[in-house]
Amino acid sequence: MNTIEQYIASSPWDDPAETPFISFKNVTKRFGSFTAVNNIDLNIYKGEFFALLGPSGCGKTTLMRMLGGFENLSEGTIKIDGQDMAGIPPNKRPVNMMFQSYALFPHLTVEENIAFGLQRDKLPKADIAARVDEMINLVQLNKFAKRKPHQISGGQKQRVALARSLAKAPKLLLLDEPLGALDKKLRQETQFELMDIQEKLGTTFVIVTHDQEEAMTVASRVALMDQGQFVQIDTPSNIYEMPQSSYVADFIGDINLINGAVKSKNDENGTVSVNWAESQLPITGATHQTLASDQKCVFAIRPEKISLSKTEPDNIANKFKGKILDIAYLGNMSTYNIELASGHLLKSQIANSRRLSKREFTWNDEVWVSWTETAGLVLDK
Amino acid sequence: MKIQRYLLIVIPYLWLLALFLVPFAIIFKISLSDIAISIPPYTPTFDWSDGFAGLSALISEFDFENFIFLTDDDLYWKAYLSSVQIAAIATFFTLLIGYPIAYAIANMPDQWRPTLIMLIILPFWTSFLIRVYAWIGILGQEGFLNQFLIWLGIIDAPLVILNTNIAVYIGIVYTYLPFMILPIYSTLEKMDGSLLEAAQDLGCSRFEGFWLVTWPLSRPGIIAGCFLVFIPTLGEFVIPSLLGGSNTLMIGKVLWEEFFSNRDWPVASAVAIILLLILIIPIILFQRNEQRLREQQGE
């Protein structure tokens, strides 16, 4: 088990010599005149928890259904474990899928649902019973084994669906918006359960979701899709901290985006100064792109990286004066909407480490916003 | 408020009382009477002017003679048995033909389904009698079917179909097919398509997927359809008398003959009472199936 964890921790996707477990080559899928997936290349490695993320209609579900064998490719090849999947029907693939609607068989009990796939393999009865027991224990449904799907709750159905798809010990498990129907608390619990199960079994998971928080929580890597193509494929922390475009930055988490133009580059530490408003000092931020002078660009900064202070802070690259427009209290933190002198609006998130009554700032207070020169990112437009 | 609620319940019960229980009681009374050459053709009759004394006099003259007669003459139980047999076989063939049609319609693209269902219902717009008469023209010795088969060269001499049990089966299957198709279609149409994908994903071939998922899930529709065909077929009179022959024995026909040829109302009423008792069993089973279906949907 540990070896799979170590393998994933070693970031096999960075090593071109590694053989991927799943590979997409020039995969295209068209429905009539609509191109759902447009010429995609993708490698997924053994033991990964890979998340396909994107707005609805971006092609992520189509991509997964092609892996499961429910859609034929218009062009390109998909290989799983080295084997070309062209023409192989779903029932002959080493893949199981957990459906968005769970697709539990309403006429079968929880037990029979879980046993369904095993019975198709014509295993001996005793083996099937043992495996079903094991699965029921794994998802903690012992009390509900004899019930029909309409007699259990949404969360329990979702666990039955998971157990059923895991029962055949597939090499690859596909999860289509698996937690969409659950309320937030149950969803978070289940996310951790999923990760536990994945670590225990070492199965490769591919999950489709439109919930960026879910993708960030569970995945080893996240592929962000838009209009049938990948926008960025990276680890959750990279996708959050180093988005490659303002689309990614905007899609993942909260962010402030300020349009501007490159003023100068500081070769010493790789930072860039950006002109963003008249009669204002330029903003300095980090970049991982090559930008030319005067090029139009976007300065992106996460709300939690902006500090607030009543007095002018010292020794900090970026500081501007503003006024608090609103405060949204979220419990663990508060979001401040601040209007700068230039008219730009900035969001700042501050952890509520003190009780509310001791809060420093209130509505209409004049404050200083500030951030370090590497806190924000400069991205081309 | 409470009165309104009772009123609401009372209406269907009044309906049932007026249109089922009262006629049933009258028929039951006649079945206990004796045949007489009079108007009405049975005795005793109840005279309202005699009051309570008349009623008790009436009851004292009742007997179960007619029911006993039904067991004496083997015509009747043979007719019952043959009716059940014909109804069962016809129901089976209706299912055999109806299921694939319902399945095909349910799997058609959305925009086609209402039209196809319309086509299934369309024959109802023509009189049932005319449609059965039309079959005489098709199935007769000189009918379209024989002419067509002879023209094709498949047969040399015309087949005898009309006035046999085969014609009765054809008539029943044709007439009651929509009652089989519609309930099956409605269960198939509601089925979640991802269930079949899940079955395939778990290792089923297409046929196994149908057999293990689609078929059991359409069972409530199959049961409903079978009862909807079986129950009216059991007492069917028009089809066997128009298409059937002299050896087609169905209880509906016997009933008709007792009433109109023999003018033996008491025996005819006894036949009707027994038919009703036989029908009540499948009707109760049908209601229980419907109940279960509703419970399943009401999850």
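What follows helix 2 of chain A, and is its phi positive or negative? The residue there is A:Gly69, and its phi is positive, near 95°. Helices (H or I, at least four residues) and strands (E, at least two) are DSSP runs here, numbered from the N terminus.

Hello everyone, a word on the model before we go on. This is a predicted model, where local features need pLDDT of at least 70 and side-chain atom pairs count only at pLDDT 80 or more, while totals for chains, interfaces and linings use all residues. Residues are numbered from 1 along each chain as its sequence is written, and chains are lettered from A and ligands numbered from 1 in the order in which they are written.

Back to helix 2 of chain A, residues 60-68. A residue is buried if 20 or more other C-beta atoms lie within 10 Å of its own, exposed if 12 or fewer, and partly exposed in between, with C-beta atoms placed from the backbone. By that count 9 of the 9 residues of this helix are buried, so the helix is largely enclosed by the rest of the structure. Among them are A:Lys60, A:Arg65 and A:Gly68.

Now chain A as a whole. It has 9 helices and 20 strands, and its C-alpha atoms fill a box of roughly 80 × 50 × 45 Å, taken along the principal axes. Of its 381 residues, 38% are buried.

Next, the inside. A nonpolar core is a set of buried Ala, Val, Leu, Ile, Met, Phe, Trp, Tyr and Cys residues joined through C-beta atoms within 7 Å. The largest one has 98 residues, and those with the most contacts inside it are A:Ala51, A:Leu174, A:Val206 and A:Phe299. Helix 5 of chain A, residues 154-167, gives the largest share of this core, 6 residues. Apart from it lies another core, of 49 residues, including B:Val168 and B:Phe179.

Let me pick out A:Val378, found in strand 20 of chain A. Why does it count as buried? Because it has 26 C-beta neighbours inside 10 Å. Two residues are in contact if their C-beta atoms, placed from the backbone, lie within 7 Å. Leaving out residues up to four places away in sequence, A:Val378 touches A:Val272, A:Cys297 and A:Phe299, among others. Its C-alpha atom is separated by 8.1 Å from that of A:Gln289, 89 residues apart along the chain.

On to chain B, with 14 helices and 2 strands. Its radius of gyration (taken over C-alpha atoms) is set against the globule rule, 2.2 Å times the number of residues to the power 0.38. The value is 24 Å, well over the 19 Å that the rule gives for 299 residues, so chain B is more spread out than a compact globule. Buried residues make up 29% of chain B.

Helix 1 of chain B, residues 2-31, reaches 41 Å from its first C-alpha to its last, close to the 44 Å expected, where the expected span is 1.5 Å times one less than the number of residues. This helix bends by about 40° at B:Leu17; the bend is the angle between axes fitted to the seven residues ending there and the seven starting there.

Finally, where the chains meet: 18 residues of chain A are in contact with 15 residues of chain B. On the chain A side, the largest share, 3 residues, comes from helix 3 of chain A.
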